[in-house]
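I hope they are handy to have beside the viewer.

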Amino acid sequence: MIKKILISQPKPTSEKSPYFDIEKEFNVKCDFHPFFKVEGLTSKEFRQQKINILDYTAVVFTSRHAIDNFFKLAKDLRVTIPEDMKYFCVIENIAFYIQKYVQYRKRKVFFGNTGKLADLVPLMMKHKDEKYLIPMSSAHQNDDVKTLLDSKGLNHKECIMYRTVSNDFTEEEKKAFDYDMLLFFSPTGVKALKKNFPDFEQGDIKIGTFGTTTAQTVGDEGLRLDMQAPTKEHPSMSSALKAFLKEGK
């Protein structure tokens, strides 16, 4: 029976989180501990790439981390982002996040529907005269992005603006690691489990994942996948978890 669940994300800041409702409904305890954290590059590190942000007329964002670190670096570099800069985001909720930094105007913010860069490309091609800058993580292999955008004849440049580092458990946290279920949201999180617990044996511990690449990484690491999201019926991890607990697996 599942009584204690580790969710590899930061603890929700809102009391209205569905995970807190799940705790009450199913009498389980949810702990939150990201297996990795994001660090932005320093302005000195970024300068080594010899990229001038103002040489570009549009920025492509694949995550909120990319947005945060783009505007942080611009501030650190004392670069004023032009009012007419255009922003292309892989999905709508990332596009809305831009409001944290700039006034949201539909004429300069564009977004895709699937969260995949390939599905954003047709929209980018409608603005073929733009010079695109693509902020990325150091963990990302940018060859696939370059190949895709080159094949469409787009003027673009990929750059590293942030990196993921392991958010290691303390020795005390390792001793208290007695969960019945683990939930992962990225391949990095799954790999960090093995880094923190090299002798980890899954046994009866259930593993749930969000996203196809995360699910694949579970198998690649020799682990068993018990629950996967999103699905048509359960588009969120919390929805999938609730259904899983209802089935009493």
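**Notes on the model**

1. Let me begin with a loop residue: Lys 50 is found in the loop between H2 and S4. Helices (H or I, at least four residues) and strands (E, at least two) are DSSP runs, numbered from the N terminus. Phi of Lys 50 is near 55 degrees, a positive value in a residue other than glycine. Lys 50 counts as exposed because its relative accessibility is 75%; the classes are buried under 20% relative accessible area, exposed over 50% and partly exposed in between, with a 1.4 Å probe and protein chains only.

2. A word on conventions. This is a predicted model, in which local features need pLDDT of at least 70 and side-chain atom pairs count only at pLDDT 80 or more, while totals for chains, interfaces and linings use all residues. Residues are numbered from 1 along each chain as its sequence is written, and side-chain values use heavy atoms, with hydrogens and water left out.

3. Now the overall picture. The protein chain has 10 helices and 11 strands, and its C-alpha trace spans about 55 × 35 × 35 Å along the principal axes. Of its 249 residues, 44% count as buried. Among contacts (heavy atoms within 4.5 Å) with a separation of 6 or more, 68% come from residues 24 or more positions apart.

4. Next, the sheet. Six strands make an open sheet in the order S3-S8-S7-S4-S5-S6, with mixed pairing; two strands pair if DSSP finds at least two bridges between them. S3 (36–40) and S6 are the edge strands, each pairing on one side only. From one strand to the next the twist averages 25 degrees. S5 and S6 pair in the parallel sense over 3 bridges, and Tyr 87 has Val 109 in S6 as its bridge partner.

5. Two helices deserve a look against that sheet. Helix H5 (residues 117–125) lies across S4, S5, S6 and strand S7 (131–137), running at about 145 degrees to S5. Helix H6 (residues 143–151) touches S7 and strand S8 (155–166), and its direction makes about 160 degrees with that of S8. For these angles, axes are lines fitted to C-alpha atoms, for helices over the stretch in contact, and values run from 0 to 180 degrees between N-to-C directions.

6. Which residues touch the most other members of the largest nonpolar core? They are Phe 61, Phe 70, Ile 81, Tyr 87 and Met 161, out of 44 residues. H3 gives the most to this core, with 6 residues. A nonpolar core here is a set of buried Ala, Val, Leu, Ile, Met, Phe, Trp, Tyr and Cys residues joined through side-chain atoms within 4.5 Å. A second, separate core of 19 residues includes Phe 26, Val 28, Met 227 and Leu 241. Leaving aside neighbours within four places in sequence, Met 161 is in contact with residues including Phe 46, Ile 53, Phe 70 and Leu 133.

7. On to the rings: the whole structure holds 17 aromatic pairs. Rings of Phe, Tyr and Trp (its six-membered ring) pair if their centres lie within 6.5 Å, and planes under 30 degrees apart count as stacked, over 60 as edge-to-face and the rest as tilted. Phe 61 and Phe 71 form a tilted pair, 6.4 Å centre to centre with 35 degrees between the planes. Phe 61 lies in strand S4 (residues 58–61) and Phe 71 in helix H3 (residues 64–76), so the pair ties together parts that are 10 residues apart in sequence.

8. Phe 88 and Phe 110 form a stacked pair, at 4.7 Å centre to centre and 20 degrees between the planes. Phe 88 is in strand S5 (residues 86–89) and Phe 110 in strand S6 (residues 109–111), so this pair ties together parts that are 22 residues apart in sequence. Phe 88 and Phe 110 are buried.

9. Finally, a backbone detail to check in your viewer. A cis peptide bond joins Ala 229 and Pro 230, with omega about -5 degrees. Pro 230 lies in the loop between strand S11 (227–229) and helix H10 (237–246).
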